[in-house]
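Open your viewer and keep the selection tool at hand. This tour goes one stop at a time.

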Amino acid sequence: TFKKSYSFVLRPSMGYFILNNLSVTTDPILGFSSIYNNYSSSYEKEVRFGIVPGITYYILNGKFHPFFKAEISYYTSRSKGGNKNEPAHYGIDKEHVYEFGPGTGVLYMINNRVGIEILLNYKWIIAKTEIRNINGDFEHTGEREKDERKLNFLIGFKALLETRWIYVKNV
């Protein structure tokens with residue numbers, strides 16, 4: 001089986017320090033993915049948009065800055081899949097996802113502008129998917145719900161654009 005696939009997700013983070021060591025953040029999400037299976041001629045393409053507001057408290061301590069954070073995210077995705085050999089048969093899914101969770105980690109500052117962030121966070125994910133399958137003149141619709149919890153370990157870079165006021169990270 002030969003599969004071609006790619007996935008690209010952009011999630012920059014922008015924040016503003018409202019008090020000493022306390023920042024509010026917002027992360028826009030934009031993602032694309034595509035999977036094609038040469039053996040079965042099946043394919044799926046997805047586009048994702050979302051927003052992640054959050055709050056982070058930093059403990060300033062030399063080059064290492066431990067932190068605690070909480071985020072609430074919402075994103076929606078739309079995907080289309082089918083079979084290239086049967087163009088009249090395809091499916092369209094629209095998903096709405098909510099994620100809630102706290103996290104803790106450390107920011108190691110390489111210099112006064114660039115740091116490496118290590119984060120361990122817990123996510124509670126609630127999703128609802130609207131399903132629409134089409135086969136010629138016949139159409140079937142339905143819904144699927146998901147409620148899951150998971151633990152994530154993330155490593156990323158953080159670049160300070162202006163000390164104490166704004167930061168941007170890519171994880």
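We begin with the whole chain and then visit single residues.

**Stop 1: the whole chain**

Keep in mind that this is a predicted model. Show the protein chain as a cartoon. Which elements does the protein chain have, helices or strands? Look for nine strands and zero helices. Follow the chain along its sequence, and the pattern reads β-β-β-β-β-β-β-β-β. Is the protein chain compact or spread out? The radius of gyration of the protein chain is 20 Å, well over the 16 Å from the globule rule for 171 residues, so the chain is more spread out than a compact globule. Now turn the model to follow its principal axes. The C-alpha trace spans about 65 × 30 × 25 Å along them.

**Stop 2: surface and charge**

The protein chain exposes about 10,800 Å². Carbon and sulfur atoms supply 60% of that area. Of the 171 residues, 34% are buried. Next, colour the charged side chains.

Then turn to contacts. Take those between residues at least 6 apart in sequence: 58% of them join residues at least 24 apart.

**Stop 3: confidence**

Colour by pLDDT. The mean for the protein chain is 85, and 91% of its residues reach 70 or more. Now select residues 164-168. There, pLDDT stays under 50. The model still has 24 contacts beyond four places in sequence for residues 164-168. Where pLDDT is low, predicted coordinates should not be read in detail.

**Stop 4: N21**

Select N21. This residue sits in the loop between β2 (12-19) and β3 (22-37). Is N21 buried or exposed? N21 counts as buried, because its relative accessibility is 18% and the cut-off for buried is under 20%. Check the backbone too. Phi of N21 is near 70°, a positive value in a residue other than glycine.

**Stop 5: S79**

Move on to strand β5, residues 64-83, and pick S79. With 10% relative accessibility, S79 is counted as buried. Which residues does S79 contact, leaving aside neighbours within four places in sequence? Select E44, K45, E46, G91, I92 and D93. Then draw a distance from S79 to E95. These two are 16 residues apart along the chain, and 8.5 Å separates their C-alpha atoms.

**Stop 6: E99**

Go to strand β6, residues 86-109, and select E99. Leave aside neighbours within four places in sequence, and show what E99 contacts: E71, I72, S73, Y75, K123, W124 and I125. Now draw the C-alpha to C-alpha distance from E99 to Y75. The two lie 24 residues apart in sequence and 8.8 Å apart in space.

**Stop 7: N152**

Finish in strand β8, residues 138-162, with N152. At 19% relative accessibility, N152 also counts as buried. What does N152 touch, not counting residues up to four places away in sequence? Select L119, L120, N121 and K123 to see its partners.

Conventions:
Residues numbered from 1 in each chain as written. Predicted model: local features only at pLDDT ≥ 70, side-chain atom pairs only at ≥ 80, totals over all residues. Heavy atoms only, no water. Helix = DSSP H or I, 4+ residues; strand = E, 2+ residues; numbered from the N terminus. Rg over C-alpha atoms; globule rule 2.2 N^0.38 Å. Buried < 20%, exposed > 50% of the residue type's maximum accessible area, 1.4 Å probe, protein only. Contact = heavy atoms within 4.5 Å. Areas by Shrake-Rupley, 256 points an atom, 1.4 Å probe, with all protein chains shown as cover. pLDDT = per-residue confidence, 0-100.
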